[in-house]
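The sequence and model come first.

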Amino acid sequence: MNILSQSGTLCRMHEFTSELEVLANKALAYSLARLKDDPPLDGPRSEEDLFAEVGETITSKGLGGVEALAVFTDVLARACISTDHPRNLAYIPSAPSEHANLFDLVVGASALYGGSWQEGAGAVFAENQALRWIADLAGLPSSAGGVFAQGGTVGNLSALVVARAEGRKRWPKTTRWAIACSAEAHSSIASAAQVMDVDLLLIEPTNNGKLTGADVARGIDDFHKEKSARVFAVVATAGTTNLGIIDDLKSVGIEAKKRDLWFHADGAYGLAALCAPSVREKFAGIELVDSLIVDPHKWLFAPFDACALIYRNPELAKEVHTQSASYLDALQESGSWNPSDYAINLTRRTRGLPFWFSLAANGTDAYSAAMEQTLEIAQVAAQKIREHPRLELLLDPELSVVAFTKAGWEKSDYKKWSDALLADQIGFIPTSSHKGQPILRFAIVNPWTKVSDIEEILDTL
Ligand SMILES: *Cc1c(COP(=O)(O)O)cnc(C)c1O
């Protein structure tokens, strides 16, 4: 592409010049070192501080690729916490496999369009096989399918919008709609309710934080006493983010189906463990869902950002999410699978491809083994906390979140400890809370997190 530069001379932006050759080698060398070496933990800096060091990076003449890369590698990258550090156990961290990250480089170089079959058939084919693996693990029929959306938040919202459309077909006179879920459900469900301008029916789980069919039945039937008020979807959480608790999917699903309601499983974190034989039984009932989500960027060793959104009957999603515009007509003519028809999205990167590639290259057995490894480390961590003289385990970990407290500590003590842990570059473990009380939690999703990493952290407590 030729563009006129300010001085009126022609400059070429799309030509692989010798300067680009140098940049390519530097960018690849940096990327490979980042993949091969243990990542530094790093940490945030203030905006003033960063500005003082790098100044204004957007200039009329440009910094040049090598200089701009150096700004990133030497300064900006170091002000980002490595989500894949083995002692980053915060929130839900990330642990992309080498295969997945390497293939992300390929995706980045390929200018793929992932919205339609017409433009991205090969990529969509591969993404769909990866979705199929998850659908099979969940026991969904062969007609199930969906899309890799941006994240669990968009995945949940997209599924719930389809659920409401189904509700409107069944109960057209309803004036007050609600989503029913556990009080322990993820904040993205409340966000979806807000975006959709519907009520959120929060049900207090009675069985140690686990939502059961009886809880749901009571909550819904109560809500339905109001004339023209209707629940249109029941959301079960398959692994709560804070504590890793799996709702009783089977009894919740049965009560939803009895009432002809859409049953959605939010498994952004936990449903990854469907591939771990040792815990598969805990997800009994997942085969009843109308839709589910799981984020491969959380616990399936894929880079950000990818949420697998799968519908039992994708035709229902297509009715709701297909965008129509004259310039898009050609996409619908072929009758083939367009990922943009299954979520709130049109243009999309082929974000499922790094996950697909890693699955294809390593095989699913490697996934089961890596998953079992993280589950095992979580159990070892729990045991070490039980044996620790000053710590108390909050509950036996159901998956790989290990939550605990320290006797006599106030909120400020936890924060001081957490800040020091990061400042000393030992680990990243921000405080959380449960029932209004501060807690600490390890979210273990990284197969490179070893027992010695857990010990190093526990030694500071
Ligand atoms: C992380 C999470 C989400 C949100 O997913 P994002 O990818 O962060 O948008 C939703 N539900 C649960 C249970 C989660 O753990």
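Seven strands form an open sheet in the order β3-β9-β8-β7-β6-β4-β5, and the pairing is mixed. Strands and helices are DSSP runs (E, at least two residues, for strands; H or I, at least four residues, for helices), numbered from the N terminus. Two strands count as paired if DSSP finds at least two bridges between them. At the edges lie β3 (145-149) and β5 (199-203), each of which pairs on one side only. From one strand to the next, the twist averages 20°.

The model is predicted: local features need pLDDT of at least 70, side-chain atom pairs count only at pLDDT 80 or more, and totals for chains, interfaces and linings use all residues. Residues are numbered from 1 along each chain as its sequence is written, and side-chain values use heavy atoms, with hydrogens and water left out.

| Strands | Sense | Bridges |
|---|---|---|
| β4 (residues 176-182) and β6 (residues 229-237) | parallel | six |
| β7 and β8 | parallel | three |
| β8 and β9 | antiparallel | four |

R176 has A229 in β6 as its bridge partner. H264 stands opposite S291 in β8, and V294 is the bridge partner of A308 in β9.

In a regular strand the side chains alternate between the two faces of the sheet. Strand β8 is covered on both faces: S291 and I293 are buried on one side, L292 and V294 on the other. Buried means under 20% relative accessible area, exposed over 50%, and partly exposed in between (1.4 Å probe, protein chains only).

Helix α6 (residues 152-170) packs on the sheet and touches β3, β4, β6, β7 (262-266), β8 (291-294) and β9 (307-311). Contact means heavy atoms within 4.5 Å. The direction of α6 makes about 15° with that of β9. Helix α9 (residues 249-258) lies across β6 and β7 and runs at about 155° to β7. Axes are lines fitted to C-alpha atoms, for helices over the stretch in contact, and angles between N-to-C directions run from 0 to 180 degrees.

On the surface, L28, L32, L102 and L105 form a nonpolar patch with about 310 Å² of accessible area together. Helices α1 (18-36) and α4 (98-108) are the elements that give two or more residues to this patch. Patch residues have over 30% relative accessible area and no salt bridge; nonpolar side chains are joined within 5 Å, like charges within 9 Å. A salt bridge is a side-chain nitrogen of Lys or Arg within 4 Å of a carboxyl oxygen of Asp or Glu. Areas come from the Shrake-Rupley method with a 1.4 Å probe. L32 is found in helix α1 and counts as partly exposed because its relative accessibility is 36%.
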